Amino acid sequence: MTDEPTSQEVRELLGFATQLAIEAGDHTLKYFGGVVSHDAKGDGSPVTIADKEAEQLIRAKIEKHYPDHSILGEEFGESNEGARVRWILDPIDATRSFMRGVPLYGVLIAIEIQGTSAVGVSHFPPLSETVAAGVGLGCTWNGTPCRVSAVSELENAVICTTDVERILSRPEGEGWRRLQQQVSFSRTWGDCYGHALVATGRIEAQVDPVMAPWDAGPFLTILTEAGGLFTTLGGKATLHGGSGVSSNGLIHKKVLAELSGL
């Protein structure tokens, strides 16, 4: 096999990643529906038994099928560092929502090949929604091709963020306020679900000023294949930049400009 991914390799990895996300999501549903107890991680964020078990489930199956691949997960770190193919896992993104019985949480799986994003899967177990993409293969929503919206003016756009107070406390806060005043309306359908809403054409932009690689994992591939953009606040197309903005592409520069105060 060459270093460059073939369409067949991407298709096979996408299918397997989608299967794993759904299986792990089904496992999380065993704990979902009420208030779930949790522990605090070193950074103060919560983690539940469901997070840990879901990641262990995914890891075990990857290690069985692809023992030479690397795995970077939110709960258990990185294994086999430096491999050609790296899986990036967030077994439950939006753990706080999950803990409260709110259905807007997701299982996120991304795959990098030679350091380049190649596969992205975001699965939302309580909603039975899966948004998935492979480089060169397009983006699907529950198996049907999907695209970002065609809205090109801020006044007609819907924008989202995960936590209004968090963004207002940051340098981008004033820019967020300016955006809110210009767009059709804003909401907090946040965390991973907001990015999936952009990819499926239901909103125009999602702004997350703080994102770890496993939070951003699938969305560079997903948004690109859906015809949109995923960048950092500084405009770099990477899932390793510490922040993330998804958009339909048509309003991306305007959103970044307002957030930066330019």
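Helices (H or I, at least four residues) and strands (E, at least two) are DSSP runs, numbered from the N terminus. This is a predicted model, where local features need pLDDT of at least 70 and side-chain atom pairs count only at pLDDT 80 or more, while totals for chains, interfaces and linings use all residues. Residues are numbered from 1 along each chain as its sequence is written, and side-chain values use heavy atoms, with hydrogens and water left out.

Q: Where does Glu 78 sit?
A: Glu 78 belongs to strand β4, which runs over residues 77-79.

Q: Why is Glu 78 called partly exposed?
A: Buried means under 20% relative accessible area, exposed means over 50%, and partly exposed is in between (1.4 Å probe, protein chains only). Glu 78 has 30% relative accessibility, so partly exposed is the label.

Q: What makes the pairing of Glu 78 and Arg 86 a polar contact?
A: A polar contact is a pair of N or O atoms within 3.5 Å; within protein, one must be able to donate a hydrogen and the other to accept it, and residues adjacent in sequence count only if both atoms are side-chain atoms. The side chains of Glu 78 and Arg 86 are joined at 3.2 Å. The side chain of Glu 78 also has a polar contact with that of Ser 70, at 3.1 Å.

Q: Which residues is Glu 78 in contact with, leaving aside neighbours within four places in sequence?
A: Contact means heavy atoms within 4.5 Å. For Glu 78 the list is Arg 59, Ser 70, Ile 71, Leu 72 and Arg 86.

Q: How do you know that Thr 48 is buried?
A: Its relative accessibility is 1%, so Thr 48 counts as buried. Thr 48 is in the loop between β2 (46-47) and α2 (49-65), and its side chain reaches the backbone nitrogen of Ala 50 at 3.2 Å.

Q: What stands out about phi in Asn 80?
A: Phi is near 50 degrees there, a positive value in a residue other than glycine. Asn 80 lies in the loop between β4 and β5 (85-93), and is partly exposed at 40% relative accessible area.

Q: Is Ala 94 buried or exposed?
A: Ala 94 counts as buried, with 9% relative accessibility. Its phi is near 80 degrees, also positive in a residue other than glycine.

Q: Why is α1 called roughly antiparallel to α2?
A: Axes are lines fitted to C-alpha atoms, for helices over the stretch in contact, and angles run from 0 to 180 degrees between N-to-C directions. Angles under 35 degrees count as roughly parallel, over 145 as roughly antiparallel, 65 to 115 as roughly perpendicular and the rest as oblique. The axes of α1 (residues 7-28) and α2 come within 9 Å and cross at roughly 150 degrees, so α1 is roughly antiparallel to α2.

Q: What makes α5 oblique to α9?
A: The axes of α5 (residues 173-182) and α9 (residues 252-260) cross at roughly 135 degrees and come within 7 Å. That angle makes α5 oblique to α9. Among the residues making the contact are Trp 176 of α5 and Leu 259 of α9.
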